[in-house]
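Here is my note on the structure you sent. Please read it with the model open beside you.

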Amino acid sequence: MKKTNRFLLTTSLFLLAFAVQGQTVKVTVTNQERQQRQQIVEVKAYEVFSKLGIAPSSKNIVVTNALGQEVPYQLTYDGFLLIDAAVRPCGEAVYNITKGTPQEMKTFVCGRQYPERVDDIAWENDRTAYRIYGPALQRSGERAFGVDVWVKNTPDLVVEQRYATELAHHDEIQQLIKQGKQQEAKQVEIATTYHFDHGYGLDCYKVGPSLGCGAPAVMADGKLVLPYCYKDFKILDNGPLRFTVELTYNPTVINGETVVEHRIISLDKGSNFNKMILWYEGMTKQCDIAAGVVVHQEDTQTIATARDYVAYADPTDNPQAQNFQIYVAALFPQGIDETKTMWDETPQNGIAGHVVGVWKNYVENQRLTYYFGSAWSKNDVTTFDEWKMRIENHLNALHSPLTVSVN
């Protein structure tokens with residue numbers, strides 16, 4: 001090959017490599033509604049990576065906003081690139097994606113299993129925290145079935161510290177009790193337990209043998225067959241913008257059939273609501289499925305039902321002392337056959353009943369999608385009327401999603 005041709009070829013390859021190196025992918029997020037939108041948007045990761053000419057599993061990308069500032073992103077288990085988008089009414093926001101090493105990102109959402117606390121799985125975002133109960137608790141015989149809520153009034157992640165502080169002082173409290181030092185034990189408990197508010201929230205939501213906040217249940221003879229604790233789990237996403245966990249529950253005999261329940265739960269930064277994907281195996285007959293929230297005896301009036309949601313203002317585990325409310329709800333954006341309140345014939349454990357949505361004539365392996373969530377009157381939603389507005393806004397956002405284009 002002549003030296004001139006070799007030089008031209010080398011130069012061309014260099015320029016091509018430089019062009020690819022400097023390539024920018026533009027993601028445009030459009031808001032067609034007349035109100036401000038702030039939410040996590042999903043971009044198909046392969047579209048971005050193919051345009052950049054890099055492997056889909058690569059994390060060497062940088063996402064910037066219109067000001068040139070880096071913004072956090074996340075690659076999910078199911079092939080999406082998540083961006084925390086803010087878009088003005090009837091406007092659009094542009095994000096630029098290039099190759100590069102991103103700055104360290106702040107984590108807004110995370111969770112894990114806590115084997116040191118009877119296999120709880122707890123997760124949180126910048127608004128609130130949740131937990132579900134595991135095999136170790138079931139082996140103990142304690143009956144706690146549904147989803148628990150931990151309220152918070154800080155965007156910081158606090159669950160890890162709450163567990164660590166409480167568990168670190170458990171033995172000390174028990175030792176003081178054995179020594180007859182009841183008052184000292186009480187003071188240590190008050191100072192360290194996550195059942196008291198130390199300025200950033202607490203656990204004061206009663207679950208017990210109920211759906212808690214948003215759990216599902218098969219219906220048999222018009223009654224809820226409550227799920228027990230999960231059997232197996234797999235954390236699929238763990239921040240910084242989304243937490244996702246897949247759960248398989250212990251087999252339950254219902255109407256003579258051994259039924260296995262599966263759930264995929266995800267929570268995004270900035271959202272009051274978890275997404276639930278639900279399905280069952282082992283059914284040869286159609287049946288009804290319900291999902292909703294527990295209603296406690298201390299307040300059986302502050303309930304709201306609509307065609308696509310159920311909501312309740314929970315009075316907490318000690319209404320007179322706490323003097324605040326926990327707002328809970330289950331949302332059904334894809335439709336529901338019926339919403340109703342189911343009162344227990346023999347109320348116990350403080351449980352008066354449940355307010356639920358019901359899917360009728362469920363078929364095995366059919367995937368149901370709904371949302372469940374909460375808010376605290378001492379944080380971002382101060383009244384039940386505000387909570388209903390928050391629910392409506394979330395449903396409207398689901399029905400009219402932000403649109404995303406990749407160029």
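1. **Basis.** This is a predicted model; local features need pLDDT of at least 70, side-chain atom pairs count only at pLDDT 80 or more, and totals for chains, interfaces and linings use all residues. Residues are numbered from 1 along each chain as its sequence is written, and side-chain values use heavy atoms, with hydrogens and water left out.

2. **Cores.** Nonpolar side chains tend to be buried together in soluble globular proteins. A nonpolar core here is a set of buried Ala, Val, Leu, Ile, Met, Phe, Trp, Tyr and Cys residues joined through side-chain atoms within 4.5 Å. Buried means under 20% relative accessible area, exposed over 50%, and partly exposed in between (1.4 Å probe, protein chains only). The largest core has 71 residues, and Trp123, Ile289 and Phe372 have the most contacts inside it. Apart from it lies another core of 23 residues, including Val25 and Tyr73.

3. **Strand E3.** Helices (H or I, at least four residues) and strands (E, at least two) are DSSP runs, numbered from the N terminus. In E3 (residues 61–64), Ile61 and Val63 point one way, and Val62 and Thr64 the other. All four are buried. E3 runs antiparallel to strand E6 (residues 92–99), joined by 4 bridges; strands pair if DSSP finds at least two bridges between them. Isoleucine 61 stands opposite lysine 99 in E6.

4. **Salt bridges.** The structure holds 19 of them, each a side-chain nitrogen of Lys or Arg within 4 Å of a carboxyl oxygen of Asp or Glu. Arginine 112 pairs with glutamate 160, with the closest N and O atoms 2.9 Å apart. Arginine 112 is in strand E7 (residues 110–114) and glutamate 160 in helix H4 (residues 159–168), 48 residues apart.

5. **Buried or partly exposed?** Where does arginine 242 fall, with its relative accessible area of 8%? Arginine 242 is buried. Its salt-bridge partner is aspartate 268, at 2.6 Å between the closest N and O atoms. Aspartate 268 counts as buried too, at 16%. Arginine 112, by contrast, is partly exposed at 26%.

6. **Threonine 193.** This residue sits in the loop between helix H6 (182–192) and strand E11 (201–202). Threonine 193 is buried, at 5% relative accessible area. A polar atom of its side chain lies 3.1 Å from the backbone nitrogen of histidine 195. Leaving aside neighbours within four places in sequence, threonine 193 is in contact (heavy atoms within 4.5 Å) with Glu166 and His198.

Methods: A polar contact is a pair of N or O atoms within 3.5 Å; within protein, one must be able to donate a hydrogen and the other to accept it, and residues adjacent in sequence count only if both atoms are side-chain atoms.
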